[in-house]
Amino acid sequence: MASRSMWRSLHYSAKRRVVSPAQYRCFSCSLRAQDQGKTDSEKMTHFGFTNVPESQKESLVGAVFSSVASSYDTMNDLMSLGIHRLWKDHFVRTLNPGSPLARRHNETEGQGWNILDIAGGTGDVAFRMLDHATNVNHDRQTRVTIADINPDMLAEGKKRSIATPYYNTGRLSFMEANAQTMPSIPDNSVDLYTVVFGIRNFTDKQAALNEAFRVLKPGGVFACMEFSKVNNDLFNAVYKRWSFSAIPLIGQVVAGDRDSYQYLVESIEKFPSQEEFRAMIHKAGFMIPGRGYEDLTGGIAAIHKGVKPLA
Amino acid sequence: MGAVILARPGRSGVLSSLQKAATASSRTQCRQNHFHPPVQYRKQELPFRAAPTRSCRLYHSQFHPRAPTHEYTNSQTTILSAALEHIPSHGFTLEALTLGARDAGFLDVSVQLLPRGEFDLILFWLASRRGLLRAKVEENQFESLRSVSSVEAKTKLLILERLKMNQDIAHKWQDALALMSLPSNIPLSLSELHALSSDILTLAGDSAVDTAWYTNRLGVAAVYASAELVMTSQKPHADFAAIEAFVQRRFEDRTALAEKITGFKQYLGFVGSTAIGLGRSWGLKI
Ligand SMILES: C[S@@+](CC[C@H](N)C(=O)[O-])C[C@H]1O[C@@H](n2cnc3c(N)ncnc32)[C@H](O)[C@@H]1O
């Protein structure tokens with residue numbers, strides 16, 4: 001349980017606010033390097049319900065996902081009451097990736113979409129999007145870049161991609177990146193930006209939204225699925241009880257890692273409400289289609305969308 | 001999210017009048033988008049109807065208060081207007097929307113701006129045709145309408161005029177009806193049909209009150225809906241005379257029907273059964 005003890009040491013050092021970077025793996029080194037010089041007065045951010053200096057959050061999140069990378073699906077199953085796969089199918093179906101029509105009359109095939117799947121971790125959503133483009137829209141050009149801050153999650157995704165038809169093709173690539181700053185991705189270059197169950201872990205969500213806006217082409221779409229606020233009081237009470245008491249316990253039994261699961265549950269609780277998050281998307285410059293979000297299963301999760309206006 | 005409904009300046013006269021109509025109609029439509037079930041909607045408007053002395057125009061602007069609760073945004077209108085052009089060849093499909101998005105300078109993925117997808121295209125088609133009809137009358141471009149005087153004759157002309165607008169898309173309308181028949185789409189579809197019949201009677205100068213107000217609207221809706229359904233089964237660009245004859249026959253039935261319905265109780269039963277019957281006669285599978 002190397003990861004577990006690492007997480008514990010992180011947890012405690014976070015409480016003491018002592019930064020001892022040498023102890024943990026560097027998940028986004030360039031960023032960490034500048035952050036380490038900061039003092040006690042630096043901005044605090046929430047890590048679950050424990051406040052930690054902003055600079056530490058990324059490494060703490062990294063540790064959480066390292067420790068859950070392989071048992072990751074179990075966690076999703078628990079949090080979503082087992083229906084996250086249906087939600088993901090629905091998410092992909094409504095986005096309808098891929099172009100069924102040739103771009104111009106003289107082209108036999110379109111150019112396909114350039115999709116960026118942020119916090120793509122295990123590739124779950126990316127594979128679904130490629131499957132949809134290929135099988136539903138007969139589009140073999142659409143490609144997905146999976147970006148994640150955590151190399152362990154990326155490694156898991158790469159491993160799983162071997163079993164897909166996209167392995168080692170130009171249609172699938174992996175990239176280690178922090179969603180808040182992705183200098184290697186040019187402005188106005190992406191058709192569709194997706195982030196599924198990832199954004200609640202970001203230290204600065206608004207920065208990530210602004211970055212999404214930058215990389216998207218005019219007319220491009222930001223689409224996010226995230227655990228959200230249950231909109232029925234009774235259901236909310238039951239679900240909270242389930243998530244706060246049962247899930248960490250099950251996490252401990254199944255994955256031997258209670259604290260990581262505790263963090264996951266708490267990060268969900270701290271995530272902004274549907275309306276607040278919609279306002280953040282709007283603030284980044286996006287047009288909001290219709291109501292802007294769609295609740296899934298009573299609001300356990302919600303899908304948010306924004307469209308970048310034409311220049 | 002600023003809901004601006006005025007589309008970009010039109011590239012041609014035709015387009016700009018089309019956009020204007022779409023704009024005008026999206027206002028009305030939007031009010032209905034607020035998901036008032038049709039009955040509640042009528043109730044709400046009844047007080048306005050009860051003032052019989054108003055002229056048509058004055059009455060009209062009161063009847064359609066400009067206080068929309070939901071509107072198509074500028075970008076949505078641009079995409080939808082462009083997509084209308086593709087309906088004759090692609091139908092009420094995602095392809096038509098996608099091509100519309102491309103024509104308007106957007107990406108394929110930008111159709112996400114329309115959360116209801118193809119159904120938004122259908123609603124926009126219905127609302128924009130209704131707007132065109134109204135624009136035609138209000139801008140005095142409907143000569144033959146002034147040549148007849150009775151409300152009934154005007155109503156018939158307006159119904160026919162609206163039906164003529166379907167000639168290019170009638171062969172694609174069955175697919176639209178299938179989509180409109182989805183349970184979640186039925187309320188909006190029916191309220192658009194109601195809005196059309198309401199507009200037609202208003203434009204025809206109908207000033208009936210009380211139960212006649214409802215029955216007239218139901219009657220117009222029923223005639224229009226069934227005529228439209230007949231059109232969809234015709235060959236493309238079939239002779240319009242057959243439709244004219246059909247509408248004429250339905251009008252004769254309708255007069256007979258209206259005479260039979262008197263009294264509030266009977267009226268209620270009539271509405272209850274008719275909302276569904278009406279939908280069915282329009283081709284909705286309900
Ligand atoms: C719960 S997983 C989601 C995985 C995948 N999207 C899915 O739903 O199957 C959250 C992911 O967010 C990643 N992550 C956290 N902070 C990030 C950041 N700042 N930038 C990019 N990825 C981040 C984690 O490494 C982790 O892989």
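Start by selecting residues 76–101 of chain B: this stretch is 81% helix and 0% strand, with its end C-alpha atoms 9 Å apart. Helices (H or I, at least four residues) and strands (E, at least two) are DSSP runs, numbered from the N terminus. This is a predicted model, in which local features need pLDDT of at least 70, side-chain atom pairs count only at pLDDT 80 or more, and totals for chains, interfaces and linings use all residues. Residues are numbered from 1 along each chain as its sequence is written, chains are lettered from A and ligands numbered from 1 in the order in which they are written, and side-chain values use heavy atoms, leaving out hydrogens and water.

Next, pick Ser75(B), which sits in helix H4 of chain B. Is Ser75(B) buried or exposed? Ser75(B) is buried, at a relative accessible area of 14% (buried means under 20%, exposed over 50%, partly exposed in between, with a 1.4 Å probe and protein chains only). Leaving aside neighbours within four places in sequence, Ser75(B) is in contact (heavy atoms within 4.5 Å) with Met287(A), Phe106(B) and Leu113(B).

Now hop to chain A and show its open sheet: seven strands in the order S5-S4-S3-S6-S7-S9-S8, with mixed pairing (two strands pair if DSSP finds at least two bridges between them). Strands S5 (172–176) and S8 (293–296) of chain A are at the edges, each with a single partner strand, so one side of each has no neighbour in the sheet. Inside the sheet, color S3 (residues 114–118) and S6 (residues 190–196) of chain A, which run parallel and are joined by four bridges. Finish on Ile118(A), whose bridge partner in S6(A) is Val195(A).
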